[in-house]
Amino acid sequence: MSEFLEVFGAKTHNLKNVRVKIPKHKLVTITGVSGSGKSSLAFDTVYAEGQRRYLESLSTYARMIVSSINDDTKVDEIRGLSPTISINQKTVSSNPRSTVGTITEIYDFYRLLFTTVGVPYCPEHPDVALKKDTVSSVTATALSAAPGEKLYLLSPLSKKAESAKFSEIANEVLEKGFVRFMIGDALCSVGDVEGPDLVP
Ligand SMILES: Nc1ncnc2c1ncn2[C@@H]1O[C@H](COP(=O)(O)OP(=O)(O)OP(=O)(O)O)[C@@H](O)[C@H]1O
Ligand SMILES: [Mg+2]
Ligand SMILES: [Zn+2]
């Protein structure tokens, strides 16, 4: 891939057949008096062309959905163009978590990419890849238990139980018609008078 981005014959708005050669992997600024055409070159010519090429790679249907881009671009040719993103001339929130990734929303696409093609691992067992259980895999595991083996089917109790006292939790469980419950890793019974250390 070319080491330069080259624009030939840019005539967008007031640009007079501008030809520029911009080095890649460098921070490059365009300067000039107001109205000289900086935005016309950066946003309406280079960025717009990058978006246009990106759109061309999508299906006709997707193209209809993605909002149409500025169509005033007048340029003979642009060489060495990589995918373009634009962060507009606006005051961005001073939130320290605002990064180029979040402002441009690239971060959202990355997240989608990694959740789709990535393999998640258990933080406590880094060798174990997590996989999604299905109804049949859960059934199969349950049925493979030895005769007489105890099986607990657990579900979260309620949000307010997180801050409740042990006796309150035990009462709630009992009211719902159950006798056993777990707090953390500890198995408890509604008849217990006190809970595991972590609950008062
Ligand atoms: N959408 C548009 N349609 C037609 N003419 C436009 C459009 N946008 C800008 N122009 C004209 O193009 C010329 C260059 O404007 P441009 O916004 O590119 O200048 P600039 O150098 O970015 O200025 P500033 O420093 O104020 O941002 C101006 O004469 C402007 O009126
Ligand atoms: Mg401008
Ligand atoms: Zn684990």
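Student: How far is an oxygen atom of ligand 1 from an N or O atom in the side chain of lysine 38?
Tutor: This is a predicted model, and in it the separation is 2.6 Å. Serine 34 also has a side-chain N or O atom 2.6 Å from an oxygen atom of ligand 1.

Student: What about histidine 13, which atom of ligand 1 does its polar side-chain atom lie 3.4 Å from?
Tutor: A nitrogen atom of ligand 1.

Student: And how much of ligand 1 does the protein bury?
Tutor: The protein buries 54% of the 630 Å² that ligand 1 exposes when taken alone.

Student: Which residues come nearest to ligand 1?
Tutor: Ser34, Gly35, Lys38, Ser39 and Ser40, out of twelve residues around the ligand.

Student: How does that shell divide into nonpolar, polar and charged?
Tutor: Nine residues of the shell are polar, two are charged and one is nonpolar.

Student: Switching to the zinc ion. Which protein donors does it have?
Tutor: Cys122 through SG and His125 through ND1, at 2.0 to 2.1 Å from the zinc ion, which is ligand 3. Water is not among the atoms, so the site may look incomplete.

Student: Is cysteine 122 buried or exposed?
Tutor: Buried, because its relative accessible area is 16% and the cut-off for buried is under 20%. Histidine 125 is partly exposed, at 45%.

Student: OK, salt bridges. How many does a search of the whole structure find?
Tutor: Seven. One of the pairs is arginine 79 with glutamate 77, with N to O at 3.0 Å.

Student: How accessible are arginine 79 and glutamate 77?
Tutor: Arginine 79 is partly exposed at 41% relative accessible area. Glutamate 77 also counts as partly exposed, at 34%.

Student: What is the N to O distance between aspartate 133 and lysine 131?
Tutor: It is 4.0 Å, and their side chains meet in a salt bridge. The pair counts because the criterion is a nitrogen to carboxyl oxygen distance within 4 Å. Lysine 131 is exposed at 66%, while aspartate 133 is partly exposed at 49%.

Student: Which residue does glutamate 172 form a salt bridge with?
Tutor: Lysine 176, the closest N and O atoms being 3.1 Å apart. Glutamate 172 is buried, with 12% relative accessible area, whereas lysine 176 is partly exposed with 46%.

Methods:
Residues numbered from 1 in each chain as written. Chains lettered and ligands numbered in written order. Predicted model: local features only at pLDDT ≥ 70, side-chain atom pairs only at ≥ 80, totals over all residues. Heavy atoms only, no water. Donors = N, O, S within 2.8 Å, 3.2 Å for Na, K, Ca; no water. Buried < 20%, exposed > 50% of the residue type's maximum accessible area, 1.4 Å probe, protein only. Near = heavy atom within 4 Å. Polar contact = N/O pair within 3.5 Å; in protein donor to acceptor, adjacent residues only side chain to side chain. Areas by Shrake-Rupley, 256 points an atom, 1.4 Å probe, with all protein chains shown as cover. Nonpolar A, V, L, I, M, F, W, Y, C, P; charged D, E, K, R; others polar.
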